[in-house]
Amino acid sequence: MSSFVGVHVSDQWLQSQFTQVELRSLNSKFISTKKRNGKVTVGDLPPLMVKLKAFSEMFKEEEIRDILGESASAKEDEIDLEGFLRTYLNLQARAAAKLGGPKNPSSFLKATTTTLLHTISESEKACYVAHVNSYLRDDPFLKQFLPMDPATNSLFDLAKDGVLLCKLINVAVPGTIDERAINTKRVLNPWERNENHTLCLNSAKAIGCTVVNIGTQDLVKGRIQLLADLNLRKTPQLVELVEDNNDVEELMVLAPEKVLLKWMNFHLKKAGYKKTVTNFSSDLKDGEAYAYLLNVLAPEHCSPATLDAKDPAQRADLVLEHAERMDCKRYLTPKDIVEGSTNLNLAFVAQIFHQRNGLSADNRKISFAEMMTVDEQMSREERCFRLWINSLGITTYVNNLFEDVRNGWILLEVLDKVSPGSVNWKQATKPPIKMPFRKVENCNQVIRIGKQLKLSLVNVAGDDIVQGNKKLLLAFLWQLMRFNMLQLLKNLRSCSQGKEFTDADILNWANKKVKITGRTCHMDSFKDKNLSNGLFFLELLSAVEPRVVNWNLVTKGESDEEKKLNATYIISVARKLGCSIFLLPEDIMEVNQKMILTLTASIMYWNLQQPVEESESSPSLSPSTAASINGEDESSLSDQVSNLTMDDAASDTTVSSQVENEVTSGASMYRVLSLVQN
């Protein structure tokens, strides 16, 4: 597989300050300015710099002009690429100084491979180190590196190979990654590190993280580990938080953080605490809420001195001592409580909930909650579509698919992503929506757009969505997801000669890809029962990248146990390659037609992105659709090419190059670790 040509500058120190992703992006901006003006001068830099995301929110154009004027360079002086990069670094340092005032207690971590500066909380870093030391100390591979010292940057050094993050994802949601797919040699080459990083990021999306363009934006949200059980299905005792059965639906749609606050206030009310806790920051700073909460949950360990303490720091220390007597691990410090660290307070409250939630075992209420669970097949499809929607990078995070989409707003956001410009936002109403007819209006627009996209919506009205028709909703979302897949494939290459991609094209491509390698497996359709052993997909993955499958780990797939081993391995290998997929091993074993199609299309999409040697001929996709795979530059890809594999593929480099360069930086590791912890 060919690699991209990097951007190189003569000054090695200057080269080391940027990743290739940044260099290629900045070089592109520099060249476009040079082509437009004939040359780049100092006077051209302010309007250019202020448009860069790193500075757009930090400086105004006049400020940049004043900063550049301090160097006494004339506006007419021509500047080369190195001068442009040095100016960028100078502005980056000014931005850091602007952020790092006396009110900011955080330190700054600047990795040698990036110019992006990220605020690193030493307390949070210490919390993550303690978390890793606690949960992974007995791991066969990592125990040689543990325990880590929170005072050093060993956390980021250890995370660079990607193994730690993959292991943490499995701690958060066991079984997400088949550990046979993780590269765990003592010394990994860049390709193997990149595979681990790609596997980590795609697996993170598969457990509910919204990963948007790692390296230039944050990993926006995650719902992992500490918040995983904060729903009625996992913890039916939560039904005690509502007064009657009519309020259960409201509880179902709450985000895990909101459920945690509702649980906390439920116990605080019983303890006689007069205030309502609305956040994990300012409302907890004085430590009183913690004292009341722990007194009602573990009265055997309570001490009058906690509430009598006048100093918030002293009270916070007594609160942590009380929690320790309840066997809660001490990850945060009294200072973190007093300063209102949102992340650490959230983690602390979640830990208390897991250790002792104080909810009763009212069998009648629990039975009612358990009756609300849907059948397994519907649950798996709900999970897949929910994770897919969250992977699109829309503004609203979906916690409960069937409830969250009933006002139509989220579906409009999804439609705007898969078909930009299709939504008339002037005719849409943003939540919270009090008037029921506004919800119907939103959903009517959803149906109208769906019909424009030629989705099958016969006798379907917006009110069906408002009423929460689950089967209809799943059918609609499947059509929308399939439409998105086919559009991505169509936009990727100008090979369809004006014709749409079809399921048959994907099927034919997969069979020809396997056949050309000389293997014998064949797929008759996406519901071919012979696919249940997984061998076809392992051969397909091996066909698109020969080194990605370790055939020593593959079973014959005759028993259910062997089939599950193969299916689990397929999913991890596909994610390791770069495919963002949301199916489960059971979907392969049971040959779920919809999920099999998404898996095949995702592998096809990844393969068609890869440059191909000129001598390599490309088989046609179907008799009517020629697939001329010519390795065109990714800068020609549509902005929509973002959600079937890695989110927001960089316009100036391959996805794998971006992940390798960005995830190996300590600062990006910090963001990933904070996501996995929370």
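Contact is taken here to mean heavy atoms within 4.5 Å. The structure described is a predicted model. By this criterion, tryptophan 263 touches Leu241, Leu293, Leu297, Val349, Ile352, Phe353, Arg356, Asn357 and Leu359, with residues up to four places away in sequence left out of the count.

Trp263 also belongs to the largest nonpolar core, which has 154 residues. Together with Met264, Trp263 has the most contacts inside that core. The element that gives the most to this core is helix H24, spanning residues 470-492, with 13 residues. Another core, of 24 residues, lies apart from it and includes Phe18, Phe30, Met49 and Ile67. In soluble globular proteins, nonpolar side chains tend to be buried together.

At the level of the whole chain, the secondary structure consists of 31 helices and 4 strands. The chain has 678 residues, of which 54% count as buried. Among contacts in the chain with a separation of 6 or more, 64% are between residues 24 or more positions apart.

Helix H9, residues 163-172, is largely enclosed by the rest of the structure, because 9 of its 10 residues are buried. The buried positions in H9 are Val163, Leu164, Leu165, Cys166, Lys167, Leu168, Ile169, Asn170 and Ala172. For cysteine 166, the relative accessibility is 0%, so this residue counts as buried. Cysteine 579 likewise has 0% relative accessibility and therefore counts as buried.

A search of the whole structure for disulfides returned 0. Cysteine 166 is accordingly in no disulfide, and the nearest cysteine sulfur, that of cysteine 200, is 5.2 Å away. A disulfide requires a pair of cysteine sulfur atoms within 2.5 Å.

Helix packing is reported for one pair. Two packed helices are described by the angle between their axes and the distance between the axes. Helix H25 (residues 503-515) packs against helix H26 (residues 535-544) at an angle of about 70 degrees, and their axes are 9 Å apart. The angle makes H25 roughly perpendicular to H26, because angles of 65 to 115 degrees count as roughly perpendicular. On the H25 side, the residues in contact are Trp509, Ala510, Asn511, Lys513 and Val514. These residues meet Phe536, Glu539, Leu540, Ala543 and Val544 in H26. Sorted by class, the contact of H25 with H26 comprises 7 nonpolar, 1 polar and 2 charged residues.

Notes. Residues numbered from 1 in each chain as written. Predicted model: local features only at pLDDT ≥ 70, side-chain atom pairs only at ≥ 80, totals over all residues. Heavy atoms only, no water. Core = buried A, V, L, I, M, F, W, Y, C linked by side-chain atoms within 4.5 Å. Buried < 20%, exposed > 50% of the residue type's maximum accessible area, 1.4 Å probe, protein only. Helix = DSSP H or I, 4+ residues; strand = E, 2+ residues; numbered from the N terminus. Axes fitted to C-alpha atoms, helices over the stretch in contact; angles between N-to-C directions. Parallel < 35°, antiparallel > 145°, perpendicular 65-115°, else oblique. Nonpolar A, V, L, I, M, F, W, Y, C, P; charged D, E, K, R; others polar.
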